[in-house]
Amino acid sequence: MKTLWQNCHAATMAQGVYSIIEDAAIVTQGEHIQWIGPRAELPVGDYPAVNDLKGAWVTPGLIDCHTHAVFGGNRSGEFEQRLQGVSYADIAAAGGGIASTVRATRAASEDELFASAAKRLKSLMRDGVTTVEVKSGYGLDLPSERKMLRVIRRLGAELPVSVRSTCLAAHALPPEYKDRADDYIEHICAEMLPALAAEGLVDAVDAFCEYLAFSPEQVERVFLTAQRLDLPVKLHAEQLSSLHGSSLAARYQALSADHLEFMTEDDAKAMAESGTVAVLLPGAFYFLRETQLPPMDALRKHGVKIAVASDLNPGTSPALSLRLMLNMACTCLRLTPEEALAGATIHAAQALGMAQTHGSLEAGKVADFVAWHIDRPADLSYWLGGDLEKRVVRHGVEID
Ligand code: DI6
Ligand code: FE
């Protein structure tokens with residue numbers, strides 16, 4: 001069915017900039033954009049369905065390219081403890097932190113995990129998110145990682161949002177492998193990844209490269225396994241210290257390296273050469289009250305594509321609004337609103353290996369877009385959350 005959407009302006013985000021079309025028209029055919037341009041140039045033809053967007057600004061559907069939205073339990077009690085002066089390390093030593101989320105996630109049923117994650121995704125979707133990546137990584141054994149990944153697949157099947165699933169088995173050391181990190185990595189490479197990939201549950205493989213998680217050598221073994229399984233890789237790198245995980249990621253043509261506060265200029269050069277996207281996570285930066293900023297000048301100088309994501313997780317970024325993250329990316333990390341919007345559209349699509357089909361308003365791409373009743377595109381990173389009036393179209397069909 002051919003549909004015309006008009007009486008709008010478009011920030012198409014083609015080439016990673018606003019690429020504004022004033023008084024635009026969009027023609028969708030089924031799930032795809034068939035034509036977009038100035039209304040004055042609209043091809044003459046028969047448009048059986050016409051939508052008046054009443055002067056709205058149309059952007060690509062937002063893409064949250066880094067979340068841990070599936071988890072059991074809740075860590076707001078730890079948040080209170082931390083504010084009373086108990087350190088993250090003390091909480092972890094007392095069995096809290098990631099370990100407590102792992103216990104709660106292992107104990108939860110698939111239905112329970114689905115129900116709680118669906119609520120979180122619906123919150124993101126109220127912000128115009130039409131594509132979201134979700135990671136495993138709170139199961140840390142084969143049955144529990146499988147359970148998380150199955151929930152992630154089910155979210156994509158049952159909610160009107162496109163979901164990419166990333167296996168983050170190398171997130172933390174499970175208690176049964178205490179002091180045996182290399183053995184756990186071996187288990188991931190020999191058993192977990194091959195089984196989960198064979199079950200079709202994995203779109204990409206991620207790891208946490210950090211002194212309190214896994215070393216670059218251990219991460220490289222996971223990457224080699226992913227390569228053998230023909231799966232793209234991503235990496236949590238340079239969040240708390242500089243181990244040059246982002247350069248390692250670049251050597252493996254990673255889709256993205258994420259966090260990056262402690263990366264160096266050489267890391268940025270390597271990422272630019274491999275086309276690895278820099279995913280910035282201002283929610284974690286804010287929630288942990290970090291002070292080390294990612295090297296924005298080096299990223300820009302070398303032309304690294306920059307994305308912005310929520311990192312939605314119970315420990316370091318309980319973020320339920322991607323637009324709030326855009327504001328924080330501008331306020332805390334010094335992005336421009338244009339860079340921030342590119343970070344939640346076309347560059348986020350690239351961080352998921354979806355840039356051929358998603359992330360910008362161009363003929364031939366999937367018709368995922370949002371018509372916002374705002375004055376200017378910068379409003380999307382200006383307001384601190386809230387519920388902006390809008391219409392959301394996914395795969396050419398309006399959703400509520
Ligand atoms: N980096 C983080 O900040 C989180 N995971 C990661 O790889 C921490 C997740 C948690 O505390 O639950
Ligand atoms: Fe993360």
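Student: Why is Asn 7 called partly exposed?

Tutor: Asn 7 has 29% relative accessibility. Buried would need a value under 20% and exposed one over 50%, so 29% lands in between and the label is partly exposed. Keep in mind that this is a predicted model.

Student: What makes the backbone of Asn 7 worth a look?

Tutor: Its phi is positive, about 65°, although Asn 7 is not a glycine. Asn 7 sits in strand 1 (residues 2–11). Gln 253 also has a positive phi without being a glycine, near 50°, and its place is the loop between helix 8 (245–251) and strand 10 (256–259).

Student: Why does Gln 253 get the label exposed?

Tutor: Its relative accessible area is 54%, and that is over the 50% mark, so Gln 253 is exposed.

Student: How do you know which residues are the protein donors of the iron ion (ligand 2)?

Tutor: The distances settle that. His 66 (NE2), His 68 (NE2), His 236 (NE2) and Asp 311 (OD) lie 2.1 to 2.2 Å from the iron ion. The cut-off here is 2.8 Å, so these atoms pass as donors. Along the sequence they follow the spacing H-x1-H-x167-H-x74-D. One pair, His 68 and Asp 311, links parts of the chain 243 residues apart: His 68 is in the loop between strand 5 (62–64) and helix 1 (76–83), and Asp 311 is in the loop between strand 12 (306–308) and helix 12 (322–331).

Student: What makes the iron site irregular?

Tutor: Look at the angles, which run from 81 to 165° among the four donor atoms. A tetrahedral label needs all angles between 85 and 135 degrees, so both ends of that range rule it out. The site is classed as irregular.

Student: Which side chains bring polar atoms to ligand 1, and at what distances?

Tutor: Arg 75 has a side-chain N or O atom 2.8 Å from an oxygen atom of the ligand, and Tyr 138 has one 2.7 Å from a ligand oxygen. His 171 places a polar side-chain atom 2.8 Å from a nitrogen atom of ligand 1. Taken alone, ligand 1 exposes 320 Å², and the protein buries 98% of that.

Student: Why are Val 219 and Ser 381 called buried?

Tutor: The same test applies. Val 219 is at 1% and Ser 381 at 5%, so each falls under 20% and counts as buried. Val 219, in helix 7 (residues 216–228), touches residues including Phe 214, Leu 235 and Leu 248. Ser 381, in helix 15 (residues 379–382), is in contact with Leu 326, Asn 327, Cys 330 and Pro 337, leaving aside neighbours within four places in sequence.

How values were computed:
Residues numbered from 1 in each chain as written. Chains lettered and ligands numbered in written order. Predicted model: local features only at pLDDT ≥ 70, side-chain atom pairs only at ≥ 80, totals over all residues. Heavy atoms only, no water. Donors = N, O, S within 2.8 Å, 3.2 Å for Na, K, Ca; no water. Tetrahedral: all angles 85-135°; square planar, octahedral: opposite > 155°, others 65-115°. Helix = DSSP H or I, 4+ residues; strand = E, 2+ residues; numbered from the N terminus. Buried < 20%, exposed > 50% of the residue type's maximum accessible area, 1.4 Å probe, protein only. Contact = heavy atoms within 4.5 Å. Polar contact = N/O pair within 3.5 Å; in protein donor to acceptor, adjacent residues only side chain to side chain. Areas by Shrake-Rupley, 256 points an atom, 1.4 Å probe, with all protein chains shown as cover.
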